[in-house]
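Biologist: I have just opened my first multi-chain model and would like to learn how to read it. Could you walk me through it, one feature at a time?

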Amino acid sequence: MRTMLELDQLELRLDEQPIVTDLALTLAEGDIGCLVGPSGCGKTTLLRAIAGFVAPHAGTIQLQGETVATPAHQLAPEARRVGMVFQDIALFPHLTVAENIDFGIRRQGAAQRRHRIAELLQRVGLPQMGERMPHELSGGQQQRVALARALAPRPRLLLLDEPFSGLDAELRESIAREVRDILKAEGITALLVTHDQTEAFATADQLGVMKQGELHQWDTPYEVYHRPATRFVADFIGRGVLLPGRVSGIDRVSTVLAELRGDLPAGLNPGDPVEVLIRPDDLVHDDQSPRQGKVLDRSFRGAYTLYTLELEDGARLPCIAPSHHRHAYGEYIGIHLEMDHLVVFPQDGEDVAGPG
Amino acid sequence: MAVTAAPAWRSGALVALALAFALPLLVVLGSWLAGPSGNWPHLFSTVLGDYALNSLVLCLLTGTGTLVVGTGCAWLVVVYRFPGRRILEWALLLPLACPAYLIAYTWTGLLALEGPLQQWAPFPLPDIRNREGAAMMLILVLYPYVYLLARQAFLTQSGTALDVARTLGAGALERFTRVALPLARPAIVAGVALVLMETLADYGTVKYFGVPTLSTGIYRTWFGLGDHLAAAQLASGLLFTMFVLLWLERRARRHRRTDTDQKPPAERQPLTGVAAPAATVGLTLPVLLGFVLPALQLIAWAADDAGHLLSAEFLELISNSLLIASLTALTTLAVALTLVSSHRLLPTGLRRLAMRAVAFGYAMPGTVLAVGVVWVLGWLDGGLNDTLAGLGFAEPGLVFSGTLFAVVFACSIRFLTIPAQGLEAGFARLSPHMDEAARSLGGRPWSLFRRIHLPLLRIPLLTSALLVFVDTLKELPATLVLRPFDTNTLAVRAFELASDERLADAALPALAILLAGILPVALLARSLGNRDDAHHA
Amino acid sequence: MRWTLLTLLSLTLLAGCDQPGPETDNGEAAAKEVNVYSARKEALIQPLLDRFTEKTGTEVNLITGGADALIERMESEGEHSPADLLLTVDAGRLYRARQADLLQKADSETLRNAVPEQYRHPEGYWHGLSVRSRVLVVAPDRVPANAPSRYADLADERWQDRICIRSSNNIYNQSLVASLIAHKGEEATEQWARGLVENMARSPQGGDRDQILAVANDLCDIAVVNTYYLAMMHNSDDQTQREAAEQVALRWPNQNDRGAHVNISGAGVARHAPHPEQARALLEFLVNDESQQWYAEVNNEYPVKEDVAISETLREWGDYKADDLPLVRLGENNDKAVRLMDRAGWQ
């Protein structure tokens, strides 16, 4: 697959403050990339740099092999053919829905434009809304119009900055899926930033996690979830705890629950103290198991119940159990570990260990 | 309104207030009750066509000119970085301090065959004393109205809207014409409307340049033919034109909203290559032509007189001018706030009408307005004296006529539309959801106004107040006719001397008007210079 | 609410502002003041008023303004008007004030002796204070010595595109036309006006000085102006003005028949004057030799009073024959004149 976007050694600054440092990533044509990270991590600035609103302090931005930005030279945003959906939607309030969508394709023929507008309205599920004014639409509808508007000129790359943050939580995931379907149907390459991992998992082919201007990991959502590159990624993505343990062999770690086998990061010697990432789905409820944990808390989630258990040594672990298994507070329940991927970090707090 | 029914007395008081300030409109419209004047056939067959044509062309030229200059300058200053931008940003307001008749006199002097410029110019300079020249003069001093309001609108516009346009492939010009301009439209229209009204009411410039317009026609009909009726009816034609224009504009953007989320505007982009010096030169031109050159000419004329600048008499001129100007600014602000906010909070047909009605004082030639005020105050005084005499008290004489009250009242009627329009445009940019949010939080209209609107409208309030202040400084005909004994202002003094063709003697008070105008203009610029202020407002 | 209060407060303050007037002062003080509504610019009257105060101890309160507006103000103030004396710079407005019943008779021997009959109202409602004539100014090198010699000549087609004159909005042009109507009738005057419009070198613009400058700068050959403008240019501080005045020549019109058209500045005592005695005293003061000479010296006008010394410039121009048409007729014919100029297309 051809590469659409390639960032290399990118450094961005605002008012001389470094916002993004030494960032590299590639996004293949047709893929949907997603950057997550806490607010202030520089992800919006990164999008604005790709769109052309922020000039790089160092490094390059390439689109389809064409260098569009270096510290010395930047292609103007209007010449990049990079669409962007902004966090605040920003529909033009003085234009109708159709006129908003029409904005970027004014140079095309009238019939072609009409067709494109109708097609997009259909695609975003607002076929009859062309003559409405933006303020007459709901938030979700406005979001879709903003998407249609950005898609209309068929940009090479579409950037979406926290596109769902203005929507209520229930809508978010469904709209995120819908957006993914629309993007896929349009065959468009997109890069989306969010602080919400649900959205990220719902849309991304490639997922990146950023913290304080650094990209900690750039991989498939599965890999990011199951093989987090850093303690921060492990902590930020998915629910989980770090259970103390000790290296007991080249490929094994002993913990209070069990001895676990898997690839260890390089540089660890037997006897070294480590921490092991335990996801709720790694811990299986098993009434037969001799290992037991005391129910500290439980939270009913419909299909399953999420328990917080306390082990003998005081360690607390999350555990998912089918919701028809009902246990009271203080009750001891059996558990056992069923891990596909062993994720281990050295205990000295180094944040650079990775899966083998 | 189902939510809160306004107490009847409050509506009544508002209507009374609006009525008082709609006085000129009423007097003028009332003139038709007496039936058409017998002079109409004469006017129709002779001069009316010229009056109307000249006024129309003047409005077209001045309107277009100020639109282009004002909006263009505002756009460049807000969006780009180029050498001198920070100075030009406020210097562009300077011509505001110059009364139109003064700039007409000084430019005539500058361009005269024996004048300073012709000595340097290798070609014959154009004659400006014609209709097009009058339009030029008016553009030079009136464009700041459009500039000011447009700049404010551009500054508070959502920067994201422009970014969106860029990502959709819109180049610089397209972003301006297709996004920024339409979004700033209410403010720009308000600015151009002020300009058109000033143009229609202008008397000094067109008279000096010998261009017969509706405004000089009204004078001529009134005083030359001695026909009050025809004059008032002519004036009503003028007001009607304004009314139709404003109504058409409102209709055109009936369903279109222009309020945007107020996100910080995009970074100013540096201009590169020849564009940067070109912008600097281009933006210096209006300042140069509308302020610097006339001011230099005035300084040259006034050089001999400079000693009088600190004389007691001159200081009195200045303090009178400042007093009248500040009181008028305060009055118009208070009245406009009352009317506009009550209209926003509890819109009713009556209040809407009141809003429209008060706007027309601006389009009235000053003397006509002054005479209207003279009539009404005379009538009030007469009534007061008769009533008191009837009750057996001593007659108090003239309580209203010939006092500062009369002057401030007339100036307030004349300039009320500035804060009214400014505040309306300001309100238009506040999302109605905000009102609803505040109301739903249990805010009563008054507390909503005080706690939400007033702080958010700080900038338009200040802008309007300073505009009224500067305008009143320049105001002439009403002050001239209505002032108390021995009360002179700078404008009165400058005009008396200039109209007596003693330009050199008029130069000193004229310069003082410019100087007195610079201070508020600088304040204006300073208060608006802060971008943070602007988009938090 | 703060704003409203503030406004109310300031309005009350303003309304209560003390103004000089009969009712606000006690009787004694009232006897020592006089209120003047003047269409004459402050600079051209204040020094005389100061002199009056100096001599008589009577305070003079002054407002200046356009005559029409002042008349409207007096009319609306009615019987409470503080105005004692109305000063205008043309006869037409005095006529109009009389028509509106705003003046009262002020008859005294001093006034009768000082002001010749044609320069005052027959019954003494107003009196002229100074005289100015509307004359021709020509470029001597481009205009023969013997023509034009009359106002009537201005309509002669030999002056096609060679005449400069200001707008018909100007009261002095209106008065000139009104006088022509009185002499020649409306029809002949309209013919004349049409001819004049044909002969204009440019559409009317600027003031009288601008017409003189235009002649000096070859833009036209003949201009119609008031005498004092030319005289003041001769005496100007500004070199270009002096030079322009030197380049042109004054020509007295109609010297072989009725004489040059003249107008006056004048004054009348207000109908409801609170201080009629002081007003008359001031009027008499304004026509005494000293005041009359001041007009002539400072503003280069001709005194109404005979045998008063005139300025050097005026002396150089020599004696002239003035039209002795009673000036009341200018006022009577004013609206006819305006209508006629409208019809003739005189802008």
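Predicted model: local features only at pLDDT ≥ 70, side-chain atom pairs only at ≥ 80, totals over all residues.

Modeller: Gladly! Residues are numbered from 1 along each chain as its sequence is written, chains are lettered from A and ligands numbered from 1 in the order in which they are written, and side-chain values use heavy atoms, with hydrogens and water left out.

Biologist: How much area is buried between chain C and chain B?

Modeller: Buried area is the accessible area (1.4 Å probe) that two parts lose on being put together, summed over both. Between chain C and chain B, this comes to about 5600 Å², and carbon and sulfur atoms give 55% of it.

Biologist: How many salt bridges does the rule find across the interface of chain C and chain B?

Modeller: A salt bridge is a side-chain nitrogen of Lys or Arg within 4 Å of a carboxyl oxygen of Asp or Glu. Across this interface, the rule finds 3 salt bridges. Look for the one where the side chains of E42(C) and R493(B) meet, at 2.8 Å from N to O. There are also 13 residue pairs in polar contact between chain C and chain B, both residues at pLDDT 80 or more. A polar contact is a pair of N or O atoms within 3.5 Å; within protein, one must be able to donate a hydrogen and the other to accept it, and residues adjacent in sequence count only if both atoms are side-chain atoms.

Biologist: Where does chain A come in?

Modeller: Chain A and chain C do not touch, and their nearest C-alpha atoms are 34 Å apart. Chain A does meet chain B, in a contact that takes 27 residues from chain A and 26 residues from chain B. The area buried there is about 2300 Å², with 58% from carbon and sulfur atoms. E78(A), H94(A) and F103(A) supply 29% of the area that chain A buries against chain B, more than any other three residues. Of the 2 pairs of chains that touch, chains B and C have the most contacts.

Biologist: How many salt bridges are counted between chain A and chain B?

Modeller: The count is 4 salt bridges. E78(A) forms one with R166(B), the closest N and O atoms being 2.7 Å apart. β6(A) gives the largest share of the side of chain A that touches chain B, with 3 residues.

Biologist: In what order do the 6 strands of the open sheet in chain A lie?

Modeller: To read a sheet, follow the pairing: two strands pair if DSSP finds at least two bridges between them. Here the order is β6-β7-β8-β3-β9-β10, with mixed pairing. The edge strands, β6 (82–85) and β10 (214–219) of chain A, each pair on one side only. Within chain A, 5 bridges join β7 (residues 157–161) to β8 (residues 189–194), and these strands run parallel. D161(A) stands opposite V193(A) in β8(A).

Biologist: What is the order of the open sheet of 5 strands in chain A?

Modeller: That order is β13-β12-β11-β14-β20, with antiparallel pairing. Strands β11 (residues 241–249) and β14 (residues 273–278) of chain A are joined by 6 bridges. In β14(A), L277(A) is the bridge partner of L242(A).

Biologist: How is chain C divided into domains?

Modeller: Domain bounds come from an automatic or database domain assignment. In chain C, domain 1 covers 33–131 + 263–309, and domain 2 covers 132–260 + 321–343. Their contact takes 22 residues from domain 1 and 21 residues from domain 2. About 1700 Å² is buried between these domains of chain C, 60% of it from carbon and sulfur atoms. The count between them is 1 salt bridge. R132(C) forms a salt bridge with E301(C), with the closest N and O atoms 2.5 Å apart.

Conventions. Helix = DSSP H or I, 4+ residues; strand = E, 2+ residues; numbered from the N terminus. Contact = heavy atoms within 4.5 Å.
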